[in-house]
Amino acid sequence: MCRSIKTLRPPVTPEVTDDDIRAAALQYVRKVSGFRAPAAHNREVFEHAVDAVAAATEELLNGLQIRGTAAQQR
């Protein structure tokens, strides 16, 4: 699907920043919508989708339990 989205979970990516999460969310929304940049009349819904995907991604990463490591919280 989105081959340019990198894996963000430890230990593949030990340090995940908010910028990393936002970039992945933006790539996902771009792919799903088919727009690299939305037109003015779609900008609000596009940005809302990026925010929602970023929040879901952060929730996922915070909830993952990686074998062989202590639970890590962002």
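Student: What covers the buried residues of α1?

Tutor: In this predicted model, the buried residues of α1 are Asp20, Ile21, Ala24, Ala25 and Val29. Seen down the axis of α1, these residues fall within an arc of 165°, so they line one face of the helix. What covers them includes α2.

Student: How many helices and how many strands does the chain have?

Tutor: Two helices have been named in the model, α1 at 18-33 and α2 at 43-63. The count for the chain is 2 helices and 0 strands.

Student: What distance does α1 reach from its first C-alpha to its last?

Tutor: The helix α1 has 16 residues. At 1.5 Å a residue, a span of 22 Å is expected, and the model comes close to that value. From first C-alpha to last, α1 reaches 22 Å.

Student: Which residue just after α1 takes a positive phi?

Tutor: The place to look is the position just after α1. The phi there is about 85°, and the residue that takes it is Gly34.

Student: What distance does α2 reach from its first C-alpha to its last?

Tutor: The helix α2 has 21 residues. The span expected at 1.5 Å a residue is 30 Å, and α2 is close to it. The reach of α2 in the model is 30 Å.

Student: Which residues of α2 are buried, and against what do they pack?

Tutor: Phe46, Val50, Ala54, Thr57 and Leu61 are the buried residues of α2. They cover an arc of only 75° around the axis, which puts them on the same side of α2. These buried residues pack against α1.

Student: Which residues are exposed on the other side of α2?

Tutor: The buried residues of α2, among them Phe46 and Leu61, lie on the same side of the helix because their arc around the axis is only 75°. On the other side of α2, the exposed residues are Glu44, Val45, His48, Glu59 and Gly63.

Student: How many residues does the largest nonpolar core have?

Tutor: The members of this core include Leu8, Val16, Ile21, Val29, Phe46 and Leu61. Both α1 and α2 supply at least two residues each. The largest nonpolar core has 10 residues.

Student: What percentage of the residues of the chain count as buried?

Tutor: The chain has 74 residues. Among those that count as buried are Ile21 in α1 and Phe46 in α2. Of the residues of the chain, the buried ones make up 20%.

Student: Which residue forms a salt bridge with Lys6?

Tutor: Side chains of opposite charge can pair when their charged atoms come close. For Lys6 and its partner, the closest N and O atoms are 3.7 Å apart. The pair links distant parts of the chain, with Lys6 in the segment before α1 and its partner in helix α1, 14 residues apart. That partner is Asp20.

Student: Which residues do salt bridges that share partners join into one network?

Tutor: Arg22 forms a salt bridge with Glu47, the closest N and O atoms being 2.6 Å apart, and this pair links helix α1 to helix α2. Asp51 also forms a salt bridge with Arg22, with 2.5 Å between the closest N and O atoms; Asp51 lies in helix α2 and Arg22 in helix α1, 29 residues apart. The residues joined into one network are Arg22, Glu47 and Asp51.

Student: Are Arg22, Glu47 and Asp51 buried, partly exposed or exposed?

Tutor: Buried means under 20% relative accessible area and exposed means over 50%. Arg22 has a relative accessible area of 31%, Glu47 has 33% and Asp51 has 43%. Arg22, Glu47 and Asp51 are therefore each partly exposed.

Student: With which residues is Ile66 in contact, leaving aside its neighbours within four places in sequence?

Tutor: Ile66 has its place in the segment after α2. Ile66 and Pro11 are 55 residues apart in sequence, and 8.2 Å separates their C-alpha atoms. The residues in contact with Ile66 are Arg9, Pro10 and Pro11.

Student: What distance separates the C-alpha atoms of Glu58 and Thr17?

Tutor: Glu58 lies in helix α2 and counts as partly exposed at 29% relative accessibility. Along the chain, Glu58 and Thr17 are 41 residues apart. Their C-alpha atoms are separated by 9.8 Å.

Key. Residues are numbered from 1 along each chain as its sequence is written. This is a predicted model: local features need pLDDT of at least 70, side-chain atom pairs count only at pLDDT 80 or more; totals for chains, interfaces and linings use all residues. Side-chain values use heavy atoms; hydrogens and water are left out. A nonpolar core is a set of buried Ala, Val, Leu, Ile, Met, Phe, Trp, Tyr and Cys residues joined through side-chain atoms within 4.5 Å. Buried means under 20% relative accessible area, exposed over 50%, partly exposed in between (1.4 Å probe, protein chains only). Helices (H or I, at least four residues) and strands (E, at least two) are DSSP runs, numbered from the N terminus. The expected span of a helix is 1.5 Å times one less than its number of residues. The arc is that of the directions from the helix axis to the C-beta atoms. Contact means heavy atoms within 4.5 Å. A salt bridge is a side-chain nitrogen of Lys or Arg within 4 Å of a carboxyl oxygen of Asp or Glu.
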